[in-house]
Amino acid sequence: MLFTLGRKIDPSYRTNLCVVIASLAISLAGWILFEVFSKGFGLGAGFFLCWALAREIDPLHDVSAFVSAGIFLSFFFLYDAMDFGVLFWLLLLLRMISGICGKNPTPVDILFLYGLTGYLAFSGQNIIYLILLAVALLIAYVRYGKDLKFLYGATVSVLTLSFMAFHGWSLASGSIFENLLLSSRLILLISVLLSFSLLYFRKMDGLVPDDKGQPLDGKQFRLASLYYVFALFSLAFFEKITLMTFLNLLSVIAGVVLYALFDKFSKGEQRREA
């Protein structure tokens, strides 16, 4: 198969069916609420992408993804616009790093990621996307047994960003934290605490089955989580993402962490009762 980073949404799997129905219902409700189809669709799509990103970070627990999506939905009154290309791009990078699809990424996957990265980079003349792609490819180089196609890809990415930087491209100035209505320092502190909590709970992961039913070492998902945190702060500080895009990314972490805390507390109570 040429493209391996796609994952089927099997409607026979109850979780998949629920998220599709919920996304459609939210889109309809948002359309009625905002009286603008694009906003309703955007809210439903944001709900779905938040769920999908959380599933990549915490594939062992179906519920945590819904918690993340629910947290994102609670910010519906702030909805303005979202960077769907950024969220979809990050989703594919996480799949490449974790290997959850059950197949080794192909040159077609890398070329597709280059195309999407190029679109995002050229849209804002921002080299942060090339940097994040190069880091992801270097991680994949180590993760897939030093497969040279990833090293070649990372090298091309570094050369491209060097060329673009020479021609005046740079990182976007200004941080999302400076534009928030609440205290930027408080939001930054919450983001850091949630990120450290995410990495702490991911240390407890054992074997995780991929889409082919083969066991994956939990360290692959810890690596994906670490990359996700790195990408979140890179985009927050060096790209002018929208507020809802940032809240979507942060909700992914918040939902996974809150579910992990609840799960740990529940298991502790069960042990005491036993």
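Trainee: Does Ser 23 count as buried or exposed?

Mentor: First, a word on the source: this is a predicted model, where local features need pLDDT of at least 70, side-chain atom pairs count only at pLDDT 80 or more, and totals for chains, interfaces and linings use all residues. Residues are numbered from 1 along each chain as its sequence is written, and side-chain values use heavy atoms, leaving out hydrogens and water. Buried means under 20% relative accessible area, exposed means over 50%, and partly exposed is in between (1.4 Å probe, protein chains only). Ser 23 has 8% relative accessibility, so it counts as buried.

Trainee: Which residues does Ser 23 touch, leaving out those up to four places away in sequence?

Mentor: Ser 23 is found in helix H1 (helices are DSSP runs of H or I with at least four residues, strands are E runs of at least two, and they're numbered from the N terminus). A polar atom of its side chain lies 2.7 Å from the backbone oxygen of Val 19. Going by contact, meaning heavy atoms within 4.5 Å, Ser 23 touches Gly 44, Phe 47 and Phe 48.

Trainee: Which helix gives the largest share of the nonpolar patch?

Mentor: Patches take residues with over 30% relative accessible area and no salt bridge, joining like charges within 9 Å and nonpolar side chains (Val, Leu, Ile, Met, Phe, Trp, Tyr) within 5 Å. Here Leu 28, Trp 31, Ile 32, Phe 37 and Phe 41 form one on the surface, with about 570 Å² of accessible area together (Shrake-Rupley method, 1.4 Å probe, only the protein chains shown counting as cover for residues). Helix H1 (14–34) and helix H2 (37–57) each give two or more residues, and Phe 37 is found in H2. The largest share, 3 residues, comes from H1.

Trainee: How many salt bridges does the count come to?

Mentor: The rule wants a side-chain nitrogen of Lys or Arg within 4 Å of a carboxyl oxygen of Asp or Glu. One of them joins Lys 149 and Asp 147 at 2.6 Å, N to O, and Asp 147 is partly exposed at 24% relative accessible area. By this rule, the count is 4.

Trainee: What is the distance between the closest N and O atoms of Asp 62 and Arg 55?

Mentor: Look at the two partners in turn. Asp 62 is partly exposed, with a relative accessible area of 23%, whereas Arg 55 counts as buried at 14%. They form a salt bridge, and the closest N and O atoms are apart by 3.1 Å.

Trainee: Which residues are linked with Glu 56 in a network of salt bridges?

Mentor: Start with the pair Glu 56 and Arg 95, whose side chains meet at 3.2 Å, N to O. Glu 56 is in helix H2 and Arg 95 in helix H4 (residues 84–98), so this pair ties together parts 39 residues apart in sequence. Both ends are buried, Glu 56 with a relative accessible area of 2% and Arg 95 with 10%. In the network, Glu 56 is linked with Arg 95 and Arg 7.

Trainee: Which cysteine has the sulfur nearest to that of Cys 101?

Mentor: A disulfide needs two cysteine sulfur atoms within 2.5 Å, and the structure holds 0. For Cys 50, the nearest cysteine sulfur is that of Cys 18, 17 Å away; Cys 50 is buried at 0% relative accessible area, and Cys 101 counts as buried at 7%. Cys 101 is in no disulfide either, since its nearest cysteine sulfur is 19 Å away and belongs to Cys 50.

How values were computed: A polar contact is a pair of N or O atoms within 3.5 Å; within protein, one must be able to donate a hydrogen and the other to accept it, and residues adjacent in sequence count only if both atoms are side-chain atoms.
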